[in-house]
Amino acid sequence: MNAGGRLVAYAAGVAVAFAGAFGIAAAVVPATAAETWQETDMNEHAGMTTAPEVQSEALPGLSSSSRGYVLAAVQAPEVPAVDGELRFEIRNQQGVPLTDYATAHEKQLHLIVVRSDGQEFRHVHPVLDMQTGVWSAPWVWAQAGTYRVYADFTPKSAQSPGITLTTTVHVAGEFRPVASAPSSHAVVDDFEVALEGELVPGRASELTLSVTRAGEPVTTLEPYLGAFGHLVALREGDLAYLHVHADGDAAKAGESSGPEITFMAEAPTAGRYLLYLDFQVDGDVHTAAFVVDSTDVDPGDAADEESHAH
Ligand SMILES: [Cu+2]
């Protein structure tokens with residue numbers, strides 16, 4: 001399998017909810033592995049085992065335009081610690097701000113913002129002004145730096161997976177980049193989250209995230225945007241983007257889950273990946289961050305194993 005063109009992650013055993021991350025990628029990812037982020041019939045997709053694979057080097061979340069849609073007119077406070085707004089438009093093929101969106105995972109648009117070093121991750125849901133087509137959210141930067149902004153959405157007219165557009169925003173001031181280091185354990189608020197499993201280039205593998213609080217397993221994970229967990233994976237360096245939901249249809253209001261959330265994931269290449277898990281407990285959403293190195297299986301190791309076996 002050619003690992004070059006894909007960044008795949010999906011929920012174990014269940015059809016998966018993909019972000020517009022795979023805007024282009026309905027064609028890139030086998031339908032068995034990828035569920036679009038639209039509210040679609042899981043079974044229908046599960047049956048699509050013969051989707052053609054199209055050769056493409058393009059990963060989602062690397063361009064401000066896709067399929068005729070453009071992320072434009074992005075405005076945000078220019079320095080940290082100033083109250084303001086983050087505003088932008090999605091323009092269609094005619095250059096007109098788009099106002100017709102399909103709802104995907106309870107929202108018409110998902111906005112992810114992260115600093116170029118992987119710090120300061122945010123996942124928010126701006127409000128659309130139907131008159132002007134301008135999306136906005138109250139915004140304050142905590143830190144200076146260069147940020148990537150990702151808009152994930154599905155045009156209502158598009159009979160296709162969602163789209164992820166991205167652009168860069170600079171926030172003036174002293175920028176102290178934080179060097180990443182592999183980390184499979186996160187502390188967020190009063191929770192601890194442990195990540196188990198490996199990210200293998202070009203091959204799906206299971207990632208399990210376990211949530212504890214004061215050493216006790218948390219079994220009261222709540223549905224958030226229709227799933228018990230949302231995972232964003234970014235490839236360090238180019239910040240190619242993928243947003244995954246732990247499951248497509250299992251999380252209903254009033255249900256709870258935990259302490260484990262399982263995803264299937266496949267890295268497009270060897271390299272370092274930044275993972276962000278959103279989960280909800282007691283009505284509050286928390287984000288746990290991880291850094292995972294995806295390494296090719298060394299053919300030498302396999303040979304060693306074989307020789308031991310003999
Ligand atoms: Cu969202």
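The following dialogue examines how terms are applied to this predicted model.

Tutor: This is a predicted model, in which local features need pLDDT of at least 70, side-chain atom pairs count only at pLDDT 80 or more, and totals for chains, interfaces and linings use all residues. Residues are numbered from 1 along each chain as its sequence is written, and side-chain values use heavy atoms, with hydrogens and water left out.

Student: What makes up the secondary structure of the protein?

Tutor: The protein has two helices and 21 strands. Both kinds of element are DSSP runs numbered from the N terminus: helices are H or I with at least four residues, and strands are E with at least two.

Student: Why is His 110 called buried, and why is His 125 called partly exposed?

Tutor: Buried means under 20% relative accessible area, exposed means over 50%, and partly exposed lies in between, with a 1.4 Å probe and protein chains only. His 110 has a relative accessible area of 1%, and therefore it is buried. His 125 has 22%, so it is partly exposed. Of the 310 residues of the protein, 48% count as buried.

Student: Which residues coordinate the copper ion, and how do you know that they are donors?

Tutor: Donors are N, O and S atoms within 2.8 Å of the metal, or 3.2 Å for Na, K and Ca; water is not among the atoms, so sites may look incomplete. The copper ion is coordinated by His 110 through ND1, His 123 through NE2 and His 125 through NE2, at 1.8 to 2.1 Å. In sequence, the donor residues follow the spacing H-x12-H-x1-H.

Student: What makes a set of residues a nonpolar core?

Tutor: A nonpolar core is a set of buried Ala, Val, Leu, Ile, Met, Phe, Trp, Tyr and Cys residues joined through side-chain atoms within 4.5 Å. The largest one here has 27 residues, and those with the most contacts inside it are Val 193, Leu 275, Leu 277, Phe 279 and Phe 290. Elements giving two or more residues to this core include β14 (191-196), β20 (271-281) and β21 (284-294). Strand β20 gives the most, with five residues. A second, separate core of 23 residues includes Leu 86, Phe 88, Tyr 101 and Val 113.

Student: What makes Arg 122 a charge over the ring of Trp 139?

Tutor: A charge sits over a ring if NZ of Lys or CZ of Arg is within 6 Å of the ring centre and within 35 degrees of the ring normal. The charged end of Arg 122 sits over the ring of Trp 139, 4.0 Å from its centre.

Student: Is Leu 225 buried or exposed, and why?

Tutor: Leu 225 has 5% relative accessibility, so it counts as buried. Leu 225 is found in the loop between β16 (216-217) and β17 (230-235), and it has a positive phi of about 55° although it is not a glycine. Arg 67 likewise is not a glycine and has a positive phi, of about 50°. At 33% relative accessibility, Arg 67 counts as partly exposed.

Student: What makes the peptide bond from Gly 258 to Pro 259 cis?

Tutor: That bond has omega near 0° and is cis. Pro 259 is found in the loop between β18 and β19.
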